[in-house]
Amino acid sequence: MKAVGFTEFGGPEVLRVLELPTPEPGPGEVRIQVRAAAVNAVDALQRGGPGSPDAEPPFVPGMDAAGVVDGIGPDTDTDLRIGDRVMAIVVPSGAHGAYAEQVVVPTESVVRAPQGASDAQAASLPMNGLTARLALDTLGLRPGQTVAITGAAGAVGGYAVQLAKADGLRVVADASEQDEELVKELDADVVLRRGAEYPGRVRAAIPEGVDGLLDGALLGALTARAVRDGGRVVTLRGYDGPGERNVAFEPIVVFRYARERAKLDRLRQQVEEGHIMLRVARTFPAEQAAETHRLLAKGGVRGRLVLTF
């Protein structure tokens with residue numbers, strides 16, 4: 001099968017088309033004929049190395065796949081059937097990643113694609129949607145409480161705004177001037193200018209501070225100022241520094257939800273119910289993966305970049 005990956009770490013130019021053996025599903029697994037794979041910032045981190053000292057090339061990135069079921073492992077209990085349109089979260093390891101014509105995943109990591117969504121749209125949801133879901137679950141806020149979200153125009157932040165609203169929370173989001181209308185369209189209650197001054201702006205708008213914060217913009221320690229005494233901040237890149245006024249920082253890793261099938265399927269339902277808007281910026285043939293990584297590195301992409309097979 002064709003895949004896109006790399007045999008040495010480096011810049012986008014190391015990505016190339018590879019020929020790899022077709023994977024076979026084992027017990028409890030299904031194989032997906034991939035039609036679309038979303039491009040994530042974590043893919044670029046993987047490409048940049050140094051990676052696990054025990055891993056050997058080639059390496060295939062990619063954590064989001066959408067396509068059709070084309071294989072079911074023996075003794076596998078699943079309601080999926082050959083030919084079903086599906087989406088899946090993929091935990092990449094070595095040559096196993098979503099940038100491939102076929103990928104094998106556990107049944108707990110794959111659900112049917114949302115009705116009416118294209119393959120590219122379906123591929124935009126699993127990893128970032130589950131990250132947003134995990135972040136909100138970690139904050140554990142109750143309906144009526146207030147959450148602040150940085151990076152609200154981004155992939156994780158955008159889903160977090162919509163999921164928080166569906167949870168009955170009041171959302172205070174950040175946005176640049178050019179993204180303000182987009183974030184309002186996502187249904188944030190209060191939109192404040194993004195940047196290092198955002199926490200202070202939150203305090204000016206909500207003197208007591210918000211109940212919790214999702215730091216999608218990686219502001220780190222600065223975010224504590226926006227949160228009430230004893231509140232919580234969820235971080236996405238491992239930041240867990242000490243917080244002032246008993247504000248707790250809690251890093252999350254989406255792998256915790258990689259086999260939470262019910263949560264992934266609930267995301268599908270919320271798309272169909274109109275609570276989640278799927279945003280695809282551009283699609284590219286898989287052979288142009290290096291270009292998608294260059295565009296992602298430039299920043300400012302609104303919506304997902306998606307490879308098609």
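Biologist: Where is Asp75 found?
Modeller: Keep in mind that this is a predicted model. Asp75 sits in the loop between β4 and β5, with β5 covering residues 85-89.

Biologist: And is Asp75 buried or exposed?
Modeller: Asp75 has 78% relative accessibility, and exposed means over 50%, so Asp75 counts as exposed. Its phi is positive too, about 55°, although Asp75 is not a glycine.

Biologist: OK, what about the phi of Asn246?
Modeller: That phi is positive as well, at about 60°, and Asn246 is not a glycine. You'll find Asn246 in the loop between β12 (227-235) and β13 (248-251). With 68% relative accessibility, Asn246 counts as exposed.

Biologist: Switching topic: which peptide bond is cis?
Modeller: The one from Pro57 to Pro58, with omega near 5°. Pro58 is in the loop between α1 (41-48) and β4 (64-72).

Biologist: Now the helices. At what angle do α3 and α4 cross?
Modeller: Roughly 55°, and their axes come within 8 Å. Here α3 is residues 126-139 and α4 is residues 155-166. The two are therefore oblique to each other.

Biologist: Is that crossing left-handed or right-handed?
Modeller: The crossing of α3 and α4 is right-handed.

Biologist: Which residues meet there?
Modeller: From α3, they include Asn128, Arg133 and Leu136, while Val156, Tyr159 and Leu163 are among those from α4. The residues of the contact split into eight nonpolar, three polar and one charged.

Definitions and conventions. Residues are numbered from 1 along each chain as its sequence is written. This is a predicted model: local features need pLDDT of at least 70, side-chain atom pairs count only at pLDDT 80 or more; totals for chains, interfaces and linings use all residues. Side-chain values use heavy atoms; hydrogens and water are left out. Axes are lines fitted to C-alpha atoms, for helices over the stretch in contact, and angles run from 0 to 180 degrees between N-to-C directions. Helices (H or I, at least four residues) and strands (E, at least two) are DSSP runs, numbered from the N terminus. Angles under 35 degrees count as roughly parallel, over 145 as roughly antiparallel, 65 to 115 as roughly perpendicular and the rest as oblique. A crossing is left-handed if the near helix is turned anticlockwise from the far one by less than a right angle, and right-handed if clockwise. Contact means heavy atoms within 4.5 Å. Ala, Val, Leu, Ile, Met, Phe, Trp, Tyr, Cys and Pro count as nonpolar, Asp, Glu, Lys and Arg as charged, and the others, Gly among them, as polar. Buried means under 20% relative accessible area, exposed over 50%, partly exposed in between (1.4 Å probe, protein chains only).
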